[in-house]
Amino acid sequence: MNCQPKDYKSDLKPIWCPGCGDFGVVQAIYRALAAVGRPPHEIAFVSGIGCSSRIPGYTTAYGFNSVHGRALPIAQGLKIANPDLLVLCAGGDGDGFSIGGGHVAHAIRRNLDLTYIVMDNQIYGLTKGQLSPTSKLGLKTVTSDLGSLEAPVNPLLYVLSYGAPFVAQGTPADMAGLASVIEEAIRYPGFSFVNVQSPCVTFGEDDWQLKQHKAVMKSVASLGHDASDVIAAMRLAQAYGSELYTGVLYRAPQPPSTYDALVRERQAEQQKKALPRERILELFAAKKKETAA
Amino acid sequence: MSVRVQGLDYGKLTLKDALDLAVLIEEEAKERYTEFADQMQLHHNAEAESFFRFMAVNEEKHRAELAGRRARLFGDQPATVSSTMIFDVEAPEYDEARAFMTARHAMEAALRCECKAHDFFVGVLGHIQDPAVRELFDELREEEVHHQALVKREIERLPPDSGFKPDDFADEPVAQ
Ligand SMILES: Cc1ncc(C[n+]2csc(CCOP(=O)(O)OP(=O)(O)O)c2C)c(N)n1
Ligand code: SF4
Ligand SMILES: [Mg+2]
C-alpha cells in the first residue's frame, strides 16, 4: 500500500507548548509509519499519561491515552488478543521509568512484538516541571529547590540489561535519523525500544534543547559501532547523560521468539488436544439432562 | 561529485524531480506556518498568528505557481521524489515557536528560514549539472533573497524591540 506521512496525521491540533520536542517526534512517527506502509486501521497506539502521552490522538491510528504508567500492560494485552495489529506504545520518562518502571522489565522478558517509544525530556512536563527519574543529579526544579540528590535512571542501560533485543536512540534534531530508527524498531520482530531525547521547552533545561542536540549528537554508525554486539552497545549506553548517541545501539542478530508467537503455538497445540465441537455439545446436553432428572 | 541530502542525490535530479521537490519544499513551509498559526491561536497570540497565516498564504502562492509549471511541462507523470526526502528546508523549525512570541520574534524566525532556504539552494547548486535544473534552483535561490527583503521590510515597520522574552512565561497544557 502506498501510504504518505499525512495519512497518519489526525485533525486534532496538538496542545503541546509551542517549541516542544514532541512536535518533531510525531512527525517522525508519521514518516516511519508511511515507510512501513500499514494502513491506520491496522495500528493500535497506546500511551500512558503525560504531555508526550497525548501523541496517539495526533495520529489516525486507533489510540488509547490510558493510565499513568500503564501503557505497556495495555499494549501487551492488545497484542496478545489481536496479534495482527501493529502495536505502538509511547509515553514520557516519568510514565515509563517511574510509575511504569516495573512494567518495562516484564514487557522485555515477555518479548511481545511491539515498539515502545519514550519521549525523554528529563522532567515531568504535564504536572509543571517536577523531577523525573531521568533528571540529572543536582537539577533544580519546583520540587528540588536545592538540586536533585538522586542519580538518574539510564533508560538505555536499563532496557539492555533486561535483554531488550532492539534498542535505539534519536532526537527530533535529526528527523531523517529519528524516522529511520522508529521505522527499524517497528519492523523488528520483537520488543523494540526507542529513547527519544525530546526537549521540554517550558520546564526543561535551557542548555538541552534541539539546538544543543544538533551541535553535539553523534550517530553510532559514524563511530563504527557494531549493533550486533550487546557489550559494545552497553558501553555506548553508559554515556547516557554525557553524550548524545543516535541510531541503533543494539539489534539482536537472532531475534528471540516473541510471546505472541509462543501463545499462538500453544493455542494450536491445545487445540489439537481439544474435543471436537459436537462432542462438547453432546456432553453439555448429557449434563443438562442429568441435572434436570 | 554528487551531494546526498536525506537520501536524495541532487546531482542526478531531472527538471521534473527538481520541480516536484520545489513544490514539496513550499508545501512543507506552508503546512508548518499553518501549524504555527494554529499553535498561536490556541495560546491566544493573535499578532504572531496573523503573521504566520500571512506566511502560509505566501508559501501557498509560490507552491501553486510551481505546481502549475510542473503540470504544464510534465502533466500527470508520476513523481519520484516524496515529502520524506526533505525536512525543514524552508519551514521554520519546531523549536522556533513560543507561546508568547511577539510579531518581531515571529518575523525573525521567518527571516532565519528564508536565509536557511537560500543557503540550501546555494549548497546544492554547486553539485547540479543539468542546466535546466540549475536555472530553476538559481531562480529559487534568488527568490529567497526577495523574501528576505520582504520580511526585513516588515520588521523595520515594527515599533522598537521592547526586550520582552517569551521564555520567561509559560502556557503549558492542563494536567490530567
Ligand atoms: C496514578 C497517577 N499518578 C500521578 C499522576 C500525575 N501525573 C500526570 S503526568 C505525570 C508525569 C508526567 O511526566 P512524563 O511521564 O515524563 O511525561 P511528560 O509530561 O514529561 O511528557 C504525573 C506524575 C497521574 N495522572 N496519575
Ligand atoms: S510542558 Fe514541556 S513536555 Fe509538556 S507540552 Fe510543554 S514543552 Fe512539551
Ligand atoms: Mg517527561
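**Exercise 1. The nonpolar cores**

How many residues has the largest nonpolar core, and which residues have the most contacts inside it?

*Solution.* The structure is a predicted model.

Step 1. The largest nonpolar core holds 96 residues.

Step 2. Those with the most contacts inside this core are A:I29, A:I55, A:I182, A:F191, A:F193 and B:F52.

Step 3. By element, α1(A) supplies the largest share of this core, 9 residues.

Step 4. A second, separate core comprises 24 residues, including B:L21, B:V23, B:I25 and B:L66.

**Exercise 2. The surroundings of A:F193**

Determine which residues A:F193 touches, not counting residues up to four places away in sequence.

*Solution.* Step 1. Among the residues that A:F193 touches are A:F97, A:Y116 and A:V118.

Step 2. The list continues with A:P155, A:L156 and A:V159, and also contains A:F166, A:V167 and A:A168.

**Exercise 3. The contact between chain A and chain B**

Describe the extent and the makeup of the contact between chain A and chain B.

*Solution.* Step 1. Chain A contributes 30 residues to the contact and chain B contributes 27 residues.

Step 2. The two chains bury about 2,400 Å² between them, with 57% of this area on carbon and sulfur atoms. On the side of chain A, the residues that lose the most area to chain B are A:P18, A:F23 and A:R31, which together account for 23% of what that side buries.

Step 3. Between chain A and chain B there are 6 salt bridges, and 9 residue pairs are in polar contact, both residues being at pLDDT 80 or more.

Step 4. The elements giving two or more residues to the side of chain A that touches chain B are α1 (22-36), α6 (175-187) and α7 (210-216) of chain A. Of these, α1(A) gives the most, with 4 residues.

Step 5. By residue class, this side of chain A divides into 15 nonpolar, 8 polar and 7 charged residues.

**Exercise 4. A salt bridge across the contact**

Verify that the pair B:E31 and A:K6 meets the distance criterion for a salt bridge.

*Solution.* Step 1. The closest N and O atoms of B:E31 and A:K6 are 3.9 Å apart.

Step 2. The cut-off is 4 Å; the pair therefore counts as a salt bridge.

**Exercise 5. The position of B:S82**

Locate B:S82 in chain B and describe its polar contact.

*Solution.* Step 1. B:S82 lies in the loop between α2 (46-74) and α3 (103-125) of chain B.

Step 2. B:S82 and B:D17 are separated by 65 residues in sequence, while their C-alpha atoms are 9.5 Å apart in space.

Step 3. The side chain of B:S82 makes a polar contact with that of B:T84, at 2.9 Å.

Definitions and conventions
Residues are numbered from 1 along each chain as its sequence is written. Chains are lettered from A and ligands numbered from 1 in the order in which they are written. This is a predicted model: local features need pLDDT of at least 70, side-chain atom pairs count only at pLDDT 80 or more; totals for chains, interfaces and linings use all residues. Side-chain values use heavy atoms; hydrogens and water are left out. Contact means heavy atoms within 4.5 Å. Buried area is the accessible area (1.4 Å probe) that two parts lose on being put together, summed over both. A salt bridge is a side-chain nitrogen of Lys or Arg within 4 Å of a carboxyl oxygen of Asp or Glu. A polar contact is a pair of N or O atoms within 3.5 Å; within protein, one must be able to donate a hydrogen and the other to accept it, and residues adjacent in sequence count only if both atoms are side-chain atoms. Ala, Val, Leu, Ile, Met, Phe, Trp, Tyr, Cys and Pro count as nonpolar, Asp, Glu, Lys and Arg as charged, and the others, Gly among them, as polar. A nonpolar core is a set of buried Ala, Val, Leu, Ile, Met, Phe, Trp, Tyr and Cys residues joined through side-chain atoms within 4.5 Å. Buried means under 20% relative accessible area, exposed over 50%, partly exposed in between (1.4 Å probe, protein chains only).
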